[in-house]
Amino acid sequence: MDIDTRLLRYFLAVADAENLPRAAQRLHVAQPALATQIKQLEQQLGVELFIRSRAGWTLTAAGKVLSDQLPALLASWDRILRDTKSDSSRASRVLRLGCVNSAADSHIPEIIRVFHRLHPDWQVDLHQGGWTDPTAGLDEGDVDVALLRLPFPGQDEYHLRELFAEPRWIALPEDHPLADRDDIAFRELWDEPYVASPAETGWWRDYWMGLDSRPADTAIIGAIARNTDEWLRAIANGFGVSFTPASTSRTDFPGVVFRPVHGIGPTRVAVVWPDASEADPVVRYFIRCCSDIMGGQHGADGRRTS
């Protein structure tokens with residue numbers, strides 16, 4: 001019997017949460033889709049894994065057996081995949097670098113130049129993560145190290161070193177009533193509709209609507225965007241506003257302006273790596289290059305987030 005490991009991970013998320021909505025949020029998938037996947041797994045195994053009720057989803061006896069055995073199995077499989085991909089890239093002298101848009105764009109060329117001084121025979125293969133991939137390939141084992149914005153889903157599973165922080169600004173249509181202001185209070189933006197990433201990005205989307213600093217029930221979504229171009233066009237067309245790193249204010253897009261906001265915390269950028277890269281001297285040197293160039297010694301070397 002061949003079973004997709006994705007179904008097994010979905011099962012564990014629901015078993016841990018004992019609640020379908022919470023599990024769906026953690027996984028960044030829609031609730032109906034998650035329920036369908038769990039049903040598919042039950043059909044493949046020929047057993048019922050959960051007792052569904054209004055109070056939540058409770059494991060059956062068969063479900064408890066599966067939930068006890070799976071974590072070690074999946075951890076072993078993940079380690080095998082990461083080691084296989086990592087060893088292949090090392091044999092080819094390729095450092096696989098993940099990066100989300102704007103996290104460290106202006107610094108990457110210099111980081112690579114400095115890295116090549118000690119490792120001139122290595123190639124840096126850049127993997128650009130999209131809005132629905134905030135780990136830029138780390139979760140799939142497709143990169144050895146990544147430059148990411150914090151927070152991101154699952155960051156407590158990785159090692160990281162914070163590099164710098166920058167304010168969250170607001171992107172507005174140029175004819176918005178607040179567009180002429182030099183500085184905007186966060187509270188003034190609570191009632192605005194927001195241009196947001198898709199629902200499957202879960203609390204990462206919530207963070208970029210400022211929901212880490214205000215009640216969740218104040219969120220109003222005016223439009224959904226899946227990439228930067230869709231995001232800018234939606235704002236320019238007046239469908240909503242959106243928080244963004246201050247560095248994005250250098251973007252020149254017709255109909256969109258960027259303004260500082262006070263009353264909300266900054267976004268942070270970190271270099272992040274998995275256990276598979278922890279002992280690799282080439283990766284460690286690249287991490288050092290990132291710290292030296294981007295000036296961030298804010299986090300302890302190699303610490304995990306809490």
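1. Overall size comes first, and it should be read with the reminder that this is a predicted model. The C-alpha trace spans about 60 × 55 × 30 Å along the principal axes of the protein.

2. As for what the chain is built from, the protein contains eight helices and 13 strands. Buried residues account for 51% of the 306 residues. Of the contacts between residues at least 6 apart in sequence, 74% join residues that are at least 24 apart.

3. Helices α1 (residues 5–17) and α2 (residues 20–27) pack with their axes 8 Å apart and at an angle of about 130 degrees. The two helices are therefore oblique to each other, since an angle counts as roughly perpendicular from 65 to 115 degrees and as roughly antiparallel over 145. The crossing of α1 and α2 is right-handed.

4. Which residues in α1 and α2 meet? On the α1 side they are Tyr-10, Ala-13, Val-14, Asp-16 and Ala-17, and on the α2 side they are Leu-20, Arg-22, Ala-23, Arg-26 and Leu-27. Sorted by class, this contact has seven nonpolar and three charged residues, with no polar ones.

5. The loop between α1 and α2 holds Glu-18, a residue that has a positive phi of about 55 degrees although it is not a glycine. With a relative accessibility of 47%, Glu-18 counts as partly exposed.

6. A positive phi, near 55 degrees, is also found at Ala-136, again a residue other than glycine. Ala-136 sits in the loop between β4 (123–129) and β5, and because its relative accessibility is 0%, Ala-136 counts as buried.

7. Pro-151 belongs to the loop that lies between β5 (145–150) and β6 (159–166).

8. Is Ser-247 buried or exposed? Its relative accessibility is 17%, so Ser-247 counts as buried, the cut-off for that class being under 20%. Ser-247 is placed in the loop between β11 (242–245) and β12 (256–262). Leaving aside residues up to four places away in sequence, Ser-247 touches Ser-102, Arg-149 and Glu-166.

Terms used
Residues are numbered from 1 along each chain as its sequence is written. This is a predicted model: local features need pLDDT of at least 70, side-chain atom pairs count only at pLDDT 80 or more; totals for chains, interfaces and linings use all residues. Side-chain values use heavy atoms; hydrogens and water are left out. Axes are lines fitted to C-alpha atoms, for helices over the stretch in contact, and angles run from 0 to 180 degrees between N-to-C directions. Helices (H or I, at least four residues) and strands (E, at least two) are DSSP runs, numbered from the N terminus. Angles under 35 degrees count as roughly parallel, over 145 as roughly antiparallel, 65 to 115 as roughly perpendicular and the rest as oblique. A crossing is left-handed if the near helix is turned anticlockwise from the far one by less than a right angle, and right-handed if clockwise. Contact means heavy atoms within 4.5 Å. Ala, Val, Leu, Ile, Met, Phe, Trp, Tyr, Cys and Pro count as nonpolar, Asp, Glu, Lys and Arg as charged, and the others, Gly among them, as polar. Buried means under 20% relative accessible area, exposed over 50%, partly exposed in between (1.4 Å probe, protein chains only).
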